[in-house]
Amino acid sequence: MRAWLYLLAAAVAGAIVTTPALLVLILLGGSFDDALVASLGTLMLVSGIAVVSMRDIIRCGLAMIVCFLALAGLYVTLGAPMVAAAQVIVYIGAISVLILFAIMLTQDKVGSSRLVFQTQAAPAAVAAIIVAVLVAVAAYGTNWGAASETARTATDALAKLIFGTETPQYILSFEAVSVLLLAAVIGGVFLAKREAGSGKGSL
Amino acid sequence: MGLADQLNTYLTMSGALFAIGAFGFLARRNAISMLMSIELMLNAVNLTIVAFGAFVPPLQGDGAVIALMVMAVAAAEATVGLAIVIAIFRNRKTPLVDEYDAMRR
């Protein structure tokens, strides 16, 4: 019985991914790139909604990994393969694992059976929909001076941009980010460690 | 058609993802769910930056660099945020933010 439920869920997930692609390809006459973007965008948004709405928080974390993976695919279609690789390594490899470990460290037995949303969930949903509509209206109402096709950023050009000596110099911010990461690591260890003997943390 | 050749497609998608993250941050009770929603919002902004870098010619290349910086800062934020949540959980024994009322009493 349970296996059939899982099969049904897998079929629904496959339909979510393939339906927009087929719609764009056949009904709207788009190219293969259009179908890919529609499919990845739908997967990203559906898994994002799953992250904020599912009851079991472990499943929320796994849906977040799916969302990050779809975003990496979108970066590839935007011609930024280095950003896509960093997305997979940093978000899926590091941050998701960190969040899953934190979930396992902080859940009590009764937590999953209680209420998921705060009392202000309905106004928050209205506000979020208004934000999305406003962003879409602003995006379509503004002339961004955009080219009609994407420009690829090759990885060696990216390295020259970061470490090179041309006018927008990023080397200082690159080093500042490394210092920030070191500070974050030290701060994280300090916040999460136990005091010796007392059994209490620092907060 | 040209769905993949328009900046507006990507901007609309990232706006929708940002709205989803904002809803999750405002509506969820679990502190780690709120942190996950913050990650969604940061990713939406990252998608916007990469899309601008890909489509607007004066920003070409810079978008990818700024997106990498944002990713590193997001990693730092996740580290400190999760450490704070774990430290609070150790004392309060609950991950639900509406039961963190030590500063209201």
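Predicted model: local features only at pLDDT ≥ 70, side-chain atom pairs only at ≥ 80, totals over all residues.
A crossing of two helices is called left-handed if the near helix is turned anticlockwise from the far one by less than a right angle, and right-handed if it is turned clockwise.

**Confidence**

The predictor assigns the complex an ipTM of 0.91, along with a pTM of 0.89. Chain A has an average pLDDT of 85, and 92% of its residues score at least 70. For chain B the mean pLDDT is 88, with 98% of the residues at 70 or more. Within chain A, H3(A) has the highest confidence, at 93, while H6(A) has the lowest, at a mean of 83.

**Helix packing**

| Helix pair | Angle between axes | Separation of axes |
|---|---|---|
| H1(A) and H2(A) | about 145° | 8 Å apart |
| H2(A) and H3(A) | about 155° | 8 Å apart |
| H3(A) and H2(B) | roughly 5° | within 11 Å |

Let's take H1(A) and H2(A) to begin with. Their crossing is right-handed. On the H1(A) side, the residues that meet H2(A) include Ile16(A), Val17(A), Pro20(A) and Val24(A). Their partners in H2(A) include Asp34(A), Ala38(A), Thr42(A) and Val46(A). By class, this contact has ten nonpolar residues, three polar and one charged.

H2(A) also packs on H3(A), at an angle of about 155°. Because angles over 145 degrees count as roughly antiparallel, H2(A) is roughly antiparallel to H3(A). This crossing is left-handed. H2(A) contributes Leu36(A), Leu40(A), Met44(A) and Val51(A), among others, and H3(A) contributes residues including Ala63(A), Cys67(A), Ala70(A) and Leu74(A). The contact of H2(A) with H3(A) divides into 15 nonpolar residues, five polar and one charged.

**Between the chains**

H3(A) takes part in a contact with chain B too: its axis and that of H2(B) cross at roughly 5°. The two helices are therefore roughly parallel to each other. Among the residues of H3(A) in this contact are Ile57(A), Met64(A), Phe68(A) and Tyr75(A), while H2(B) supplies Met36(B), Glu39(B), Leu47(B) and others. In total there are 13 nonpolar residues, three polar and one charged.

Zooming out, how many residues of chain A are in contact with chain B? There are 88, and they face 71 residues of chain B. The elements of chain A that give two or more residues to this side are H2 (32–53), H3 (57–77), H4 (81–106), H5 (121–141), H6 (155–163) and H7 (171–192). H4(A) provides the largest share, twelve residues. Sorted by class, the side of chain A that touches chain B has 62 nonpolar, 21 polar and five charged residues.

**A helix of chain B**

One more geometric check concerns H3(B), which covers residues 62–92. At 1.5 Å a residue, its 31 residues should span 45 Å, and the end C-alpha atoms are 44 Å apart, so the two values agree. Just after this helix, Lys93(B) adopts a positive phi of about 60°.

How values were computed:
Residues numbered from 1 in each chain as written. Chains lettered and ligands numbered in written order. Contact = placed C-beta atoms within 7 Å. Helix = DSSP H or I, 4+ residues; strand = E, 2+ residues; numbered from the N terminus. Nonpolar A, V, L, I, M, F, W, Y, C, P; charged D, E, K, R; others polar. Expected span 1.5 Å × (residues − 1). Axes fitted to C-alpha atoms, helices over the stretch in contact; angles between N-to-C directions. Parallel < 35°, antiparallel > 145°, perpendicular 65-115°, else oblique. pLDDT = per-residue confidence, 0-100.
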